[in-house]
Amino acid sequence: ETNGKDPYSYNQICGLGGGDHHGTLTQYYPFRHQQGENLDIEHLKEVVAFLNDSVETFIGFNCKFDFRFLEKEGVDFSDKKLIDVIVMARLIEPAETAEAMFTQMSLTSVGTRHYGIEAVQYDIDTKLELRKKKWDKDYSLSPPTFLGPYCEKDVELTTRLYNDCLKKILKSNQTNLYEMQCDLTKVLFNTERRGIAVDRQYAEEAQQKVLKRLTEVEQEILNISGRIKWRDDIPPTSVEHDLEKEFNILSPLQVGKVFNSIGIESPIKTAKGADSWNEEALININHPIAGLLRQYRTLEKLRSTYIEPYTQTNIMRTAFCNWGTSTGRLSSRDPNLQNIPRNHFKMEGVSLTDEEAENMYLKIKSLFASKGISVPDSISKEVLETWAFVGDESYDDSDDNQIAIRRLFVARPDYQLVSFDYSQMEVRVFLSYFLNEVTEAMLKKQDVDFHTEAAKLAFGITEDDKRFKEFRQMAKAITFGTIYGIGNKKLAEQLGVSPTEAGAYKRQYFGAMKGSKKFFDGATKKIEQWGFVKNRYGRVYKLPKAVAYKAVNYLVQGTSADILSERMIEIDKYLADKQSNILLQVHDEIICEIHNSELDTIPFVIKSLLETNSLDIPLVVDMEICSPSWASKKDFDIPTEYMEEDDYLEYLDK
């Protein structure tokens with residue numbers, strides 16, 4: 001139990017509860033409660049010494065959080081096994097339930113699902129009392145006589161879940177996967193501790209640029225709408241306050257009134273029949289104010305979510321969750337560093353040529369098609385220019401009118417950031433599920449575009465055909481549509497054809513990609529017959545028959561995730577006695593910081609470790625150096641002459 005949630009700041013343990021894994025003993029040791037009787041702080045040192053000397057395995061629920069506070073007190077976890085019961089619960093809960101509940105993975109939520117509300121009533125009652133007495137932000141405000149029994153009940157519930165989940169893991173033959181997840185928890189524990197360096201000066205500069213651009217966009221919106229800025233400092237009763245003219249740009253209700261007043265109706269309705277002003281609605285309104293509103297919302301989110309928090313820290317740490325998704329993919333939170341925008345953003349108005357406007361329209365159409373959202377047949381150049389503030393991944397560090405969120409992340413002194421990114425990983429894993437002469441030959445090629453090869457196979461077309469790009473995009477949409485389990489209607493929206501035509505293209509694709517239809521049908525049939533499928537690592541996915549079409553997605557995405565987990569464990573072992581470190585994992589990519597003294601060898605070993613796997617699936621990893629930040633990447637392949645001269649930094653500078 002702690003006096004706050006940040007183990008990297010001044011927050012500390014106020015008390016420690018523990019027990020044995022048989023559930024025969026629980027105890028609570030109070031040390032820093034602000035009322036009631038505490039043990040002498042010297043006894044905490046004795047507890048730490050006991051944990052270091054006598055305990056080999058630590059079990060906890062969402063244990064990295066607790067263990068981070070223990071580490072702060074001096075517990076050394078370097079040679080300990082860490083077992084996270086929240087991960088065990090994820091392995092045995094039904095996949096669809098887990099998917100719906102992935103934000104509800106607290107001990108209380110999991111305990112309720114397994115044992116009913118009565119098993120967690122103690123938690124509900126205690127939290128209510130903590131809120132009533134305003135102790136909920138700082139548990140040290142409560143006395144040990146109140147908090148101690150609560151903490152011991154948490155230990156008892158965690159113990160009960162541990163033993164029951166372990167039995168089910170053994171019964172479902174997921175023991176090897178469970179052991180791998182224990183190892184991964186340790187890797188993530190190490191990775192989180194390190195964190196990634198932040199360029200605070202850039203964060204402050206970017207914040208000022210965004211604030212300036214927000215003011216400019218706001219003024220454009222007000223000019224078009226004929227309204228004035230909504231102000232908190234003018235009371236509603238003031239003669240200066242005009243209720244008809246005020247406009248809070250971030251208020252959907254006021255947005256609706258303003259749009260209606262200038263003759264704009266939303267083409268999208270909410271479930272209750274009201275006008276919707278979401279992104280889908282805005283792209284279907286061919287008026288500059290709609291594009292400016294979307295720009296304002298995006299800039300405000302960049303400011304509040306991605307920039308302002310980074311002006312306050314030199315090191316940003318996230319919490320990686322190997323229980324956050326039902327497929328097995330890692331998720332990231334507090335903050336989510338897997339959701340950092342790749343694109344740069346323009347901080348001034350954009351003027352487009354006719355050709356640029358056409359390309360912008362195609363870009364928007366492709367973006368929204370991937371979301372299953374239809375786009376009007378035409379959008380005026382004036383409107384397209386309001387959407388053109390989102391650039392591509394080609395960030396130019398010398399352009400003062402650009403910002404990139406990934407530019408915030410930099411290497412520490414004497415280090416370089418290196419990105420290792422799997423090339424078309426999920427497609428390769430997908431093909432590995434139905435190996436034949438054709439797919440095996442494709443997988444063995446180092447430099448192959450699978451969507452190009454699929455288009456040639458499925459549609460009998462060559463690369464010099466005028467419609468080749470169209471058919472390649474079609475093959476790509478069908479491949480990922482199969483992986484993600486989308487139906488003909490959604491596929492039709494992505495392809496811009498009728499559902500009947502989409503179905504015909506899909507059948508043609510399946511016919512040419514020998515084995516793909518059998519794999520898809522076999523996976524759905526297993527769900528219908530048995531209620532579950534297993535991926536290549538033995539991870540069990542229990543799905544209801546109604547969503548059997550999702551089985552392929554679970555198998556492909558889950559296997560891909562488990563490969564990367566397996567590889568991260570091996571990389572962590574390799575780096576154990578090195579100065580270089582793993583910093584981030586972003587789905588099919590990992591970011592490492594490589595010490596300058598190790599640049600000649602370590603990146604190439606990491607690349608080799610990533611391209612190896614226990615399933616023998618041929619994988620290809622692109623290696624890039626990120627200099628001066630994560631936003632700027634270039635191929636990392638040191639020429640022989642620089643290797644011989646042992647002067648890698650000279651090469652990197654060039």
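In the predicted model considered here, K517 lies over the face of F510, at 6.0 Å from the ring centre, a charge being taken to sit over a ring if NZ of Lys or CZ of Arg is within 6 Å of the ring centre and within 35 degrees of the ring normal. The charged end of R194 likewise sits over the ring of Y415, 5.5 Å from its centre. Local features need pLDDT of at least 70 and side-chain atom pairs count only at pLDDT 80 or more, whereas totals for chains, interfaces and linings use all residues. Residues are numbered from 1 along each chain as its sequence is written, and side-chain values use heavy atoms, with hydrogens and water left out.

Rings of Phe, Tyr and Trp (its six-membered ring) pair if their centres lie within 6.5 Å, with planes under 30 degrees apart counted as stacked, over 60 as edge-to-face and the rest as tilted; by this rule there are 24 aromatic pairs. The ring centres of Y509 and F510 are 6.0 Å apart and their planes meet at 65 degrees, so this pair is edge-to-face. Both Y509 and F510 are buried, that is, under 20% relative accessible area, where exposed means over 50% and partly exposed lies in between (1.4 Å probe, protein chains only). One aromatic cluster is formed by F58, F67, F77 and F189.

S632, with a relative accessible area of 14%, is also buried. Leaving aside neighbours within four places in sequence, S632 is in contact (heavy atoms within 4.5 Å) with Y395, I625, C626 and S627. L253, by contrast, counts as exposed at 61% relative accessibility.
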